[in-house]
Amino acid sequence: MDVELRHLRALVALADSNTFTTAAAVLGTTQPTLSRTINQLEEITRVRLVERTTREMSLTPAGRQFSATARELLASLNTALDELGHTEAPLRLGWAWAGFGRHTVPLLQEWKRAHAGAVELSRPPDPEAALRRGTIDAALVRRTSPPPSPSPEPMPGLAAATLFTERLVAAIAVEDPRAGKTSVTLPELAEGSVAVCATAPTVTDHLWDHTGHTPHTISVANTDEWLTRISVGDAVGVTAEATTYNHQAPDVAYRPIEDSPLVEVTLAWRATDPHPLAHAFAQFARAYFARLLDTSTPPFSLNHSENAEESKAP
């Protein structure tokens, strides 16, 4: 058996999604089928590409390198097909951290049932910058507005639709006394070090500006390091509530932050020369979360302080 396009697409989807569940939804297949495809690719290449445990998965160094090569090959193929006029390029959707939380898979599955257009996921460190560079077509952006500012600043040159708002939560080592509380406050978290991840721009030390407390921050490179530093008690973390769905660790407890500002979750796309499906996907996502208002609790509630229509910045 030779390496086929389905093998390459499976590996790239897994690299972008970080879970078999999400990757399978993106590809429109099942987790067992995706797992068999990855197993086939490993048998063909005779290289372990994915490390699997009962709790999580990650790409091996060889898997990361090969997924980058596979991405380039698929991009070249898509470009060639576009030039022939045989296909519409997939909507490249990017986010840095938590995606749509527990709604990521059902939302993408519902989109695939209702629309023929494909969605290609990626996780750039700065989705807004990637959108402006043209490496993605739509970005899921999380922004906080510490008091007294009522809402985040507009994003010039981009069209945007607010999907929902959520709160921030604290990630604390289970042996930390603060993990025994039902909720915590920002000043309490500032009593020790706070792990700040470069790929999670929602949380910086400016979050504490209005509290009169300035925590010592520890910079970490990625989600794995963030969870590890928290697990061993080196620091606590602050993150959006949706993170609690995708990033669990047995030694980390998530607790609500009483004085947390709201996090506005926005889908943004280029105002000029947008992808043909960008606006349609934004409308679909807004409608999806609007339907949850009567059946769901925060963090998935719409921000009614904003105009319900999509805004287009000058």
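The protein chain contains 10 helices and 13 strands, where helices (H or I, at least four residues) and strands (E, at least two) are DSSP runs numbered from the N terminus. The model is a predicted one, in which local features need pLDDT of at least 70 and side-chain atom pairs count only at pLDDT 80 or more, whereas totals for chains, interfaces and linings use all residues. Residues are numbered from 1 along each chain as its sequence is written, and side-chain values use heavy atoms, with hydrogens and water left out. Of the 314 residues in the protein chain, 49% are buried; here buried means under 20% relative accessible area, exposed means over 50%, and partly exposed lies in between, as computed with a 1.4 Å probe on protein chains only. Among the contacts in the protein chain with a separation of 6 or more, 73% are between residues 24 or more positions apart, a contact being heavy atoms within 4.5 Å.

In soluble globular proteins, nonpolar side chains tend to be buried together. In this model the largest nonpolar core has 28 residues, of which Leu-93, Phe-100, Leu-107, Leu-163, Leu-267, Phe-281 and Phe-289 touch the most other members; such a core is a set of buried Ala, Val, Leu, Ile, Met, Phe, Trp, Tyr and Cys residues joined through side-chain atoms within 4.5 Å. At least two residues of this core are supplied by each of β3 (91-94), α5 (104-114), β4 (119-122), β5, β6 (158-166), β12 (263-270) and α10 (278-290), and the largest share, 7 residues, comes from α10. Another core, of 18 residues, lies apart from it and includes Ala-190, Val-194, Val-196 and Val-238.

Two packed helices are described by the angle between their axes and the distance between the axes. Helix α2 (residues 20-27) packs with helix α3 (residues 31-45) at an angle of about 95 degrees, and their axes are 9 Å apart; the axes are lines fitted to C-alpha atoms, for helices over the stretch in contact, and angles run from 0 to 180 degrees between N-to-C directions. The helices α2 and α3 are therefore roughly perpendicular to each other, given that angles of 65 to 115 degrees count as roughly perpendicular, under 35 as roughly parallel, over 145 as roughly antiparallel and the rest as oblique. In this packing, Phe-20, Thr-21, Ala-23, Ala-24 and Leu-27 of α2 meet Gln-31, Leu-34, Ser-35 and Ile-38 of α3. By class, the contact of α2 with α3 has 6 nonpolar, 3 polar and no charged residues, where Ala, Val, Leu, Ile, Met, Phe, Trp, Tyr, Cys and Pro count as nonpolar, Asp, Glu, Lys and Arg as charged, and the others, Gly among them, as polar.

The axes of α2 and α5 come within 8 Å and cross at roughly 10 degrees, and these two helices are therefore roughly parallel to each other. Here Thr-21, Thr-22, Ala-25, Val-26 and Leu-27 in α2 meet Thr-104, Val-105, Leu-108, Gln-109 and Lys-112 in α5, so that, by class, the contact of α2 with α5 has 5 nonpolar, 4 polar and 1 charged residues.

Several individual residues were then examined. Arg-142 is placed in strand β5 (residues 138-144) and is buried, with a relative accessible area of 11%. The side chain of Arg-142 is joined to that of Glu-166 by a polar contact of 2.6 Å, and a polar atom of the Arg-142 side chain lies 2.8 Å from the backbone oxygen of Gly-99. A polar contact is a pair of N or O atoms within 3.5 Å; within protein, one must be able to donate a hydrogen and the other to accept it, and residues adjacent in sequence count only if both atoms are side-chain atoms.

Trp-95, found in the loop between β3 and α5, counts as buried at 6% relative accessibility. Not counting residues up to four places away in sequence, Trp-95 touches Phe-100, Thr-104, Leu-121, Ser-122, Arg-123, Pro-124, Pro-127 and Leu-140.

His-213, by its place in the loop between β8 (193-197) and β9 (216-220), is partly exposed, with a relative accessible area of 36%. The C-alpha atoms of His-213 and Pro-187 are separated by 6.0 Å, although these residues are 26 residues apart along the chain.
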